[in-house]
Amino acid sequence: MKKVLLVVERDVKRFLRYRFLLIMRALWFIVQIALFGLIASRMVVIENYFQYYAAGVSIIILYSTAMFVSYDIYEEAEHGVIDYLLSLPLSRRELVLGRSIASGIRSFMYVGPLMAIVLFLIGVTNPLNLAIALFSLFIFSFGVSGFAITLAVAIKSEDRFDILMGVLDALIVRISTTLYPRTFIQQANTFYGLISNFNPLTFAADLFRWGAGIEKYLTFSNPLIPIMAIIIFSSFFALIGIVVYEKRLEGGGWQ
Amino acid sequence: MKAIIYIIERDFKRFFRYRWWLVGLISMNLADLFIMALVYTKMVRSEILASYFRFFSPGITITALFAAAFMIGREVNWEVRRDYASYLLSLPIKRWELAFGRVLSGGLRGMVYMAPLLLTTFVFLGSPTIFQLFIILSALFLIAIGTSSLSISIAASITSFEKFVTARGVVYYLLFFCSTVFYPINLMEQLKEQGVLPPFMVDLARNNPLSCGADLIRSFLLNSPEFTPYLIINLVAYAFIFVVLGALTYVKMLQRTR
């Protein structure tokens, strides 16, 4: 356990080095909410769309920050740091577990203040629901990190990974309820509506809104459904991440 | 002139080295159009916009053009950091040819990248007349060379990649969101009157070259907003100012004492 904590500590420290990228993401977040969210809320038929949108953008940024761990992996591969990590007296399992936990923690460290702003704008009605939602979102970010690690080590090519990320981002974010309620996705295209039902971002966005008291356009009437879905998603990818990382880490072949 | 063509050819070859990255970028643009815009079409009040998809289609074309034309800055900044200028200066090419070659290639790459999205816009919004097509392509070319020059002037003045990325982000967000790419100007003006948006933001949106480009296409294909010569004048001014600034900054970067 101590070794896992050392990996966590190292990865959290590394994260703070990306200050320019972190500033840019914070700026993106502010512009999305203060400009697009504000103007779009006057354009659409949804009541209190500004609050709905602000909550969704928080989930997008949580997702993208958790995915960030993959770029660390590529950077380490490029600079030969992976070989150094492999030579350390810790098992592959401890390494990947530490990385996933660290990625979840640093995502939350970063998104926490931004979420606090959003919650301040929305106003919290039920602190217990919020606490459950935030805990589930922590598990979600842990799962996303596992997902990112799985993809990164399975592909082993930064270029291909970049492209896949672009396409995945385009689809995962847009076919989810982060930006709009499922009713409208379904009206636009039934296929999109169907996919959005199984999208982890839909579960995360729904939970955050439920926790923040924005309950009008929730996809699932019972919050247990998204909680369970997030637990399954995160356990699956954390496990797959560990297995794939262990198997693919050695032998080189990074491009 | 021949030297400029060589530079354009070289920059195009480099551009297509990123072809898979470009595929990823195009898929994001298409997802914006065929997923996000379609859903917003169901959500947007009909008294504000009859069809958000039709409104947004010219907008996404312009943002794609802008993003692709801006890519030349990334390469120029790489050259600044790697002191590549020494090699460029050793070539039998005049400095002004190098500068205009880079500006033109950046713009033309943007035009090539944007072409499928413009075609998609024509498919869904209807085709313009030959004269309108000529005006649209000329306007887009002005935006493209203005943007590649803007990008070059930023890239050539900054020696750190992180600072360049930050500056690029600020320019992107400012020009994308303070424009009529995503929402109509009359809605922004209403919000200004209500005190929700500061006046400078609405003024920026009205005079933003991205707004002018998107509104020009809309004026021909959707008949709204009305076409005014100001749209063209704005784009000519944008291209002229930034081509001069970009070329001067680039030449200055080449001559910088090392």
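Chain A of this predicted model contains twelve helices and zero strands, where helices (H or I, at least four residues) and strands (E, at least two) are DSSP runs numbered from the N terminus. Read from the N terminus, its elements run α-α-α-α-α-α-α-α-α-α-α-α. The radius of gyration of chain A, 18 Å, is close to the 18 Å that the globule rule gives for 255 residues, so chain A is as compact as a globular protein of that length. This radius is taken over C-alpha atoms, and the globule rule is 2.2 Å times the number of residues to the power 0.38. The C-alpha trace of chain A spans about 55 × 35 × 35 Å along its principal axes.

Residues are numbered from 1 along each chain as its sequence is written, and chains are lettered from A and ligands numbered from 1 in the order in which they are written. Local features need pLDDT of at least 70 and side-chain atom pairs count only at pLDDT 80 or more, while totals for chains, interfaces and linings use all residues.

Of the 255 residues in chain A, 47% are buried; a residue is buried if 20 or more other C-beta atoms, placed from the backbone, lie within 10 Å of its own. Two residues are in contact if their C-beta atoms, placed from the backbone, lie within 7 Å. Among contacts in chain A between residues at least 6 apart in sequence, 82% join residues at least 24 apart.

The contact between the chains takes 34 residues from chain A and 30 residues from chain B. The elements giving two or more residues to the chain A side are listed below.

| Helix of chain A | Residues |
|---|---|
| H2 | 19-41 |
| H8 | 158-174 |
| H9 | 182-188 |

H2(A) provides the largest share of this side, eleven residues.

Helix H6 of chain A (residues 92-122) has 31 residues and reaches 43 Å from its first C-alpha to its last, close to the 45 Å expected at 1.5 Å a residue; the expected span is 1.5 Å times one less than the number of residues. A kink of about 40° lies at A:Val111 in H6(A), shortly before the proline A:Pro113, the bend being the angle between axes fitted to the seven residues ending there and the seven starting there. A:Gly123, with a positive phi near 90°, follows H6(A).

In chain B, B:Gly213 lies in helix H10 (residues 209-221). B:Gly213 is buried, with 31 other C-beta atoms within 10 Å. Not counting residues up to four places away in sequence, B:Gly213 touches B:Ile62, B:Ala139, B:Leu140, B:Ile143 and B:Leu235.

Definitions and conventions. A residue is buried if 20 or more other C-beta atoms lie within 10 Å of its own, exposed if 12 or fewer, and partly exposed in between; C-beta atoms are placed from the backbone.
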